[in-house]
Amino acid sequence: MNRVLFRDVSIIDGAGRPAFPGEVLVEGNRIAAIAPRGTALAAGEAEIVEGRGATLMPGLCEPHAHPSFVNTETMEALGAIPPEEHTLLTAKFALQLLDAGFTSIHSAASAKPRLDLVVRNAINAGDLPGPRMLAASPEMTVTGGLGDVRLHHLHRDTFGYVCDGEEEFRRAARLFVREGVDTLKINPSGDEGVASARAWQTVMTDAEVAAVCAVARTREKRVAAHARSAEAVKMSLRHGVEIVYHATLADEEALDMLEAAKDRVFVCPTLGITWAALNLPRPGRGPMPAGTRATLERELEQGAANMRSLLKRGVRVMPGGDYGFAFNPIPENARDLQHFVELLGMTPLQAIASATKWGGEIMQRPGELGLVREGWLADLLLVDGDPVTDIRILRDRARLRAIMKDGRFHKRPPSPGIGPA
Ligand SMILES: [Zn+2]
């Protein structure tokens, strides 16, 4: 059996408790034992990794991943990629996420119906390297909603799958379930930058949301909603949506409803994309109009205030910032942990727990994924330095000395020793 002993490491368990010095033994794909420093684990023959004080922590989870959004400058450019090339690119970006320390990704939409699920299947079969992955459908959206980039005289595609009326939504949901997605994605609200469906507008009807949720319920799938407006959040919760993306413009009633559903729902505000739009260069997009800037600044402020309120109420608020566009590219995803510290006032340990402990839960592996704990799955990062002192070091791939997924090194530590422990 595969046995690896991490010696002299500072252990961040991912549950929020302070780091402690110790050693960790991995056997097969599980964490077999954890001991404080000085208590030699009777390991027998094992591969030995001398940590020399480096941090050992759970692998990260990206709960709003878009491996098929391949850093294009525009939404239309994404639609113009043929399926074969697009499949290869999706595999490439899934691998980039694992290289960046994300051992699990929960997709928040696939740009074409089968991209996510084909790559997920290839990873699970051992044909391609990549993170643990849950696959999503494209974004089911109404005519004129986020993701509908057609013009009256011209067909154009992006990540949207346009449906109108409950029959069309039901048929699309059944189609994506048939193909094998884990998550059905709907766009009940608009988004800033979509002229015909703004962020505060709710564009799907109750009947349309209900139709998708009913398909999900009978087929044991989950629904994720792009819900920026207060009404889109409420509509999603009324019908059983489990993953609420954004909730940036939620009002008091919507926050109360999220609190009431806190054992079921996950909320990911995706602060990263709004922050990037305001603060980073926008290749191919030109300068941002002043009105748009003011609207986005307000949304970032209200979104952060909403998340602080939800965290106090015990709601699982997770990072994940809609990375996958030229101005907010994969694999910069760990920047969201920094936003959680700087914009939400979390401690670095809390921000890490939101991406690890809750990560295992959104991946539907509660009790076995997301913590450094005996008996749990060995998805581990060996990090040069202390992310509690400076959360930004998790953005630096050179500091990831080792990446282990399911007990196997994806990235080996430099010159490990092998011998009796
Ligand atoms: Zn997204």
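Visitor: Which strand gives the largest share of the lining of the second largest pocket?
Guide: That share comes from strand 10, residues 160–162, which supplies 3 residues. The model is a predicted one.

Visitor: How much space lies in the second largest pocket, and what lines it?
Guide: The second largest pocket holds about 210 Å³ of space. Its lining has 16 residues, and those closest to its centre are Asp157, Thr158, Gly160, Tyr161 and Val162.

Visitor: What makes a residue of that lining count as nonpolar, polar or charged?
Guide: The residue type decides: Asp counts as charged, Tyr and Val as nonpolar, and Gly as polar. By this rule the lining of the second largest pocket divides into 6 nonpolar, 5 polar and 5 charged residues.

Visitor: What is the volume of the largest pocket, and which residues lie nearest its centre?
Guide: The volume of the largest pocket is about 920 Å³. It is lined by 42 residues, with Met75, Asp191, Glu192, Gly193 and Arg285 nearest the centre. At least two lining residues come from each of helix 1 (75–79), strand 12 (222–229), helix 8 (271–279) and helix 9 (290–312). Sorted by type, the lining of the largest pocket has 15 nonpolar, 13 polar and 14 charged residues.

Visitor: Why is asparagine 306 called buried?
Guide: Buried means under 20% relative accessible area. Asparagine 306 has 7% relative accessibility, so it counts as buried. Asparagine 306 sits in helix 9.

Visitor: Which residues does asparagine 306 touch?
Guide: Leaving aside residues up to four places away in sequence, asparagine 306 touches Ala247, Thr248, Leu249, Ala250 and Leu255. A touch here needs heavy atoms within 4.5 Å.

Visitor: What is noted about the phi of alanine 247?
Guide: Its phi is near 55 degrees, which is positive, and alanine is a residue other than glycine. Most residues other than glycine have a negative phi. Alanine 247 is part of strand 13, residues 243–249. Its relative accessible area is 0%, so by the limit of under 20% alanine 247 is buried.

Visitor: What makes His64, His66 and Asp322 donors of the zinc ion?
Guide: A donor atom is an N, O or S within 2.8 Å of the metal. NE2 of His64, NE2 of His66 and OD of Asp322 coordinate the zinc ion at 2.0 to 2.1 Å, therefore they meet the limit. Water is not among the atoms, so a site may look incomplete.

Visitor: How are the donor residues spaced in sequence?
Guide: The pattern is H-x1-H-x255-D. Histidine 64 and histidine 66 are both buried.

Visitor: How do you know whether aspartate 322 is buried or exposed?
Guide: Aspartate 322 has 9% relative accessibility, and the limit for buried is under 20%, so aspartate 322 is buried. Aspartate 322 lies in the loop between strand 15 and helix 10. Its phi is positive, about 60 degrees, although it is not a glycine.

Visitor: Which peptide bond is cis?
Guide: The bond from isoleucine 330 to proline 331 is cis, with omega near 10 degrees. Most peptide bonds are trans. Proline 331 is in the loop between strand 15 (316–317) and helix 10 (335–344).

Visitor: How is the protein divided into domains?
Guide: Domain 1 takes in 3–59 + 370–420, and domain 2 takes in 60–333. Their centres, taken over C-alpha atoms, are separated by 32 Å.

Visitor: What makes residues of domain 1 and domain 2 count as in contact?
Guide: Contact means heavy atoms within 4.5 Å. By that rule 14 residues of domain 1 are in contact with 15 residues of domain 2.

Conventions
Residues numbered from 1 in each chain as written. Predicted model: local features only at pLDDT ≥ 70, side-chain atom pairs only at ≥ 80, totals over all residues. Heavy atoms only, no water. Donors = N, O, S within 2.8 Å, 3.2 Å for Na, K, Ca; no water. Buried < 20%, exposed > 50% of the residue type's maximum accessible area, 1.4 Å probe, protein only. Helix = DSSP H or I, 4+ residues; strand = E, 2+ residues; numbered from the N terminus. 1 Å grid on protein atoms, 1.4 Å probe; cavity = no way out; pocket = protein on both sides within 12 Å on 5 of 7 lines; lining within 4 Å. Points joined across faces, edges and corners; volume = space filled by probe spheres on them. Domains from an automatic or database assignment.
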